[in-house]
Amino acid sequence: MTTQEWKFNTRDIAEKPDLFLSGHRACAGCAPATVLRMVMKATRGPTIVTEATGCMEVISSIYPYTSWATPWLHTAFETAAANASGIDAALKAQKRKGQLKQHIDVIAFAGDGGTYDIGLQALSGAVERGHDFLFVLYDNEGYMNTGIQRSSGTPLGAATTTTPAGSVMLGKLQHKKPISDIMVAHDMEYVATASPYYWKDLMTKVRKGLEVEGPAFLHVFSPCPRGWRSDPAKSIDYSKLAVESCVFPLWEAVNGQYQLSTPSKLVALAPQKKKPVTEYLKGQGRYRHLFTPQGKKVLDEIQRWTDERWAKLLKKCEQTP
Amino acid sequence: MKSICKQELLALNGDESVAYAVKQSDVDVVAAYPITPQTIIVEKYSEYVANGEVQTEFVCTESEHSAITACIAASAMGSRTFTASASAGLALMHEMLFVTSGCRTPVVMAVANRALSAPLNINGDQSDGMAQRDCGWIQIYVENAQEAYDSMLQAFRIAEDKHVLLPLMVGLDGFTLSHTLENVKVLSDSVVQQFVGERQLPNVLTHEGKTVPFKLDPENPMTMGPIAMPNYYFEFKRQQEEAMKNALSVIQQVHDEYAEVTGRSYGNGLVEAYKLEDAEIATVCVGSTAGTMKVVVDELRQEGVKAGLLKLRTFRPFPLEAVRSALKNVKAVAVMDKSMSFGGNGGAVFQEVRHVMYDAEVHPFIVDFIYGLGGRDTSPKEFRRVYDDLHKIVHAGRVDKLVHFVGLRE
Amino acid sequence: MSREKNWKEISPAGVSSKSSIGFLTGDWKTFTPIRDLEKCTTCLLCVLYCPDGAIRWRPELGKIEFDYNFCKGCGICANECPTKAITMKLEQDEE
């Protein structure tokens with residue numbers, strides 16, 4: 001059944017058994033854990049999962065326990081995509097020998113460390129070689145597992161343990177790296193952004209990514225209450241606010257052609273409904289220092305950059321071939 | 001006595017011999033990155049792939065780090081995998097070499113031993129291999145292209161043995177062996193197929209309570225490469241050490257079986273004792289130097305000198321018993337090191353030989369001769385002087401200098 | 001409590017030997033979700049959003065089950081419930 005044919009509601013998803021099991025050691029309110037659950041609920045058949053070192057790897061595989069009901073491999077931090085390459089090669093070899101009974105999907109999970117930074121090389125290489133896998137980035141905007149250090153996915157002004165809010169420097173000095181645009185520039189068939197609040201959109205995108213016969217990339221916004229110093233109960237809320245304030249717009253790029261996803265399309269069509277970034281930033285402890293006289297200029301810069309990126313995205317979505 | 005199989009004589013260099021052996025071994029996945037002097041291996045293999053001579057998924061990764069990782073993952077899927085590297089490429093793999101061994105994935109790698117930077121040097125020495133002696137890989141060093149071919153075929157059998165399940169690297173000296181044309185007898189495809197066979201997977205107990213083949217398979221999910229806290233990690237390492245112990249006998253078994261099929265043997269597979277039974281002075285050599293040294297020993301023997309040579313073929317697991325037994329009557333031993341262990345009071349091979357001889361019943365004098373770094377050629381005449389130095393030591397009854405250099409401008 | 005296995009007894013390569021559903025994380029919570037069944041419309045969003053999969057839809061019973069053995073008390077379910085049928089109470093007792 002293709003994504004076009006897959007009609008599902010909450011009941012259908014709720015009835016599907018979890019492949020990412022309870023009993024994992026993620027923090028209370030961990031959105032990446034919700035994301036992983038949702039992605040695994042959206043799988044369409046036999047699946048092999050591989051992960052980079054990071055929060056979701058560590059909390060789900062503390063020996064002797066495992067939270068994975070699928071075959072699962074972890075090797076190192078920068079290797080999610082390289083693992084996927086090897087698994088894909090092995091599957092192709094099995095197919096050639098007539099040993100493969102049915103198609104097996106391959107999903108590689110990595111956090112921002114394993115994608116934006118240390119994992120970028122392997123990801124770029126695997127995508128260029130055209131291996132058949134879906135790469136899911138659970139973006140919690142920092143190296144959370146090792147203690148909330150900055151990554152190139154950390155947004156401007158955010159306080160992390162390596163970009164703390166001090167008297168001279170107010171959090172991270174650089175903007176967030178546009179990782180998904182970088183992946184689009186690899187001429188990928190399918191790149192998309194998603195947010196767990198919009199579960200249906202996320203799961204549909206997982207399916208679309210799995211359907212691609214080749215590499216696909218899904219960038220999922222994943223709030224971390226621990227690292228963001230935010231209320232654990234609000235993790236899913238933040239994933240909604242981020243879209244409503246255009247800090248994290250939802251879109252797909254099919255063969256390089258950008259199109260807005262419904263939640264962001266609604267904002268585009270009713271710009272008066274676009275929320276100011278401060279509404280998104282204000283409950284998060286990592287931005288607390290910006291709500292001061294010295295911090296205001298950073299808040300303004302965040303708003304300016306958000307608006308600029310949003311305008312650029314809208315323009316990209318307008319251009320039809 | 002069973003007759004040995006029919007073999008074809010080809011002119012191949014070390015790299016080509018490796019590629020040829022891999023071609024015959026039904027390897028499922030090859031993931032590699034080129035680096036001098038291993039390039040001929042990957043280039044030759046690519047030709048086989050391009051011409052449909054092999055049924056292999058050939059992955060040209062973007063670095064050696066990803067190459068070894070892809071091999072680990074493919075091997076975890078149950079595939080037979082191969083890669084090759086040298087020098088900086090092997091060093092780049094360093095982190096993942098430990099992972100390969102820890103995941104018990106029997107990846108086989110050919111290493112065209114080459115010097116490490118800095119300064120950059122593309123020529124042969126053994127620093128790259130020696131620097132990886134702690135990572136849990138079996139290490140076999142070969143003397144010539146023929147042995148490179150033979151060892152590659154044995155490698156898959158050894159690594160995949162269910163009592164071993166450790167990755168294995170075969171080292172051949174860069175340029176000296178990798179690029180030098182030699183006469184190599186190759187077996188027919190059918191004989192290799194029979195000898196190497198298909199990869200057999202052991203069974204493991206998974207979290208579902210099932211005992212199933214050790215591979216990633218949606219029908220029997222298992223978790224590989226978890227995080228192990230202090231309460232478990234130690235036990236996994238002990239398992240690897242046990243596998244290394246088992247490797248000692250498996251290497252010999254496979255070697256002997258191969259000798260029956262081909263008529264070619266290399267000592268007992270672990271070491272080769274050359275004219276050592278009554279030798280008073282001897283060198284310990286690793287790699288192609290053993291070949292040169294055999295000529296020197298023959299010369300000396302002609303002159304009535306009781307010289308001998310111990311060729312160390314298997315460096316990991318280090319064959320403690322075999323080395324002790326081979327050197328037990330020797331009065332003075334010169335260990336030849338084609339690598340440095342800075343600040344280590346001698347090279348790696350020296351440290352290891354000395355270590356196992358500590359508890360020997362009789363202690364020979366043991367000294368270190370470091371040579372050939374960065375591809376510096378050492379002549380038989382210079383090697384002869386090593387034996388002369390050993391003579392002096394036996395005569396004087398003491399060692400004045402523990403570590404010597406051959407061919408260094410001092 | 002069973003003793004930890006020695007090196008001969010465990011599977012090689014760290015192949016995990018137990019499912020995490022044997023590891024109960026329910027004692028992590030400080031707050032407990034309490035449901036008002038009158039307000040619940042079984043929209044099932046809580047089932048989808050729970051990071052721990054501690055809320056389950058039982059179609060054969062036609063009801064939602066909260067598994068307090070795994071609930072860490074994060075409060076996402078209460079926060080997202082459209083009818084405010086869930087409230088977080090500072091309680092040890094889940095009754």
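Me: How many bridges join strand β3 (residues 55–58) of chain C to strand β4 (residues 63–66) of chain C, and do they run parallel or antiparallel?

Reply: Some ground rules come before that. This is a predicted model, where local features need pLDDT of at least 70, side-chain atom pairs count only at pLDDT 80 or more, and totals for chains, interfaces and linings use all residues. Residues are numbered from 1 along each chain as its sequence is written, while chains are lettered from A and ligands numbered from 1 in the order in which they are written.

Strands (E, at least two residues) and helices (H or I, at least four) are DSSP runs, numbered from the N terminus. Two strands pair if DSSP finds at least two bridges between them. Here, four bridges join β3(C) to β4(C), and the two run antiparallel. Trp57(C) has Ile64(C) as its bridge partner. Four residues lie between the strands of this hairpin, and Gly62(C) takes a positive phi near 70°.

Me: Which strand of chain A is joined to β1(C)?

Reply: Strand β2 (residues 65–66) of chain A is, through two bridges, and the pair runs parallel. Tyr65(A) stands opposite Lys18(C) there.

Me: How many residues of chain B are in contact with chain A?

Reply: Contact means that C-beta atoms, placed from the backbone, lie within 7 Å. By that rule, 37 residues of chain B meet 36 residues of chain A. On chain B's side, α3(B) gives the most, with eight residues.

Terms used:
Contact = placed C-beta atoms within 7 Å.
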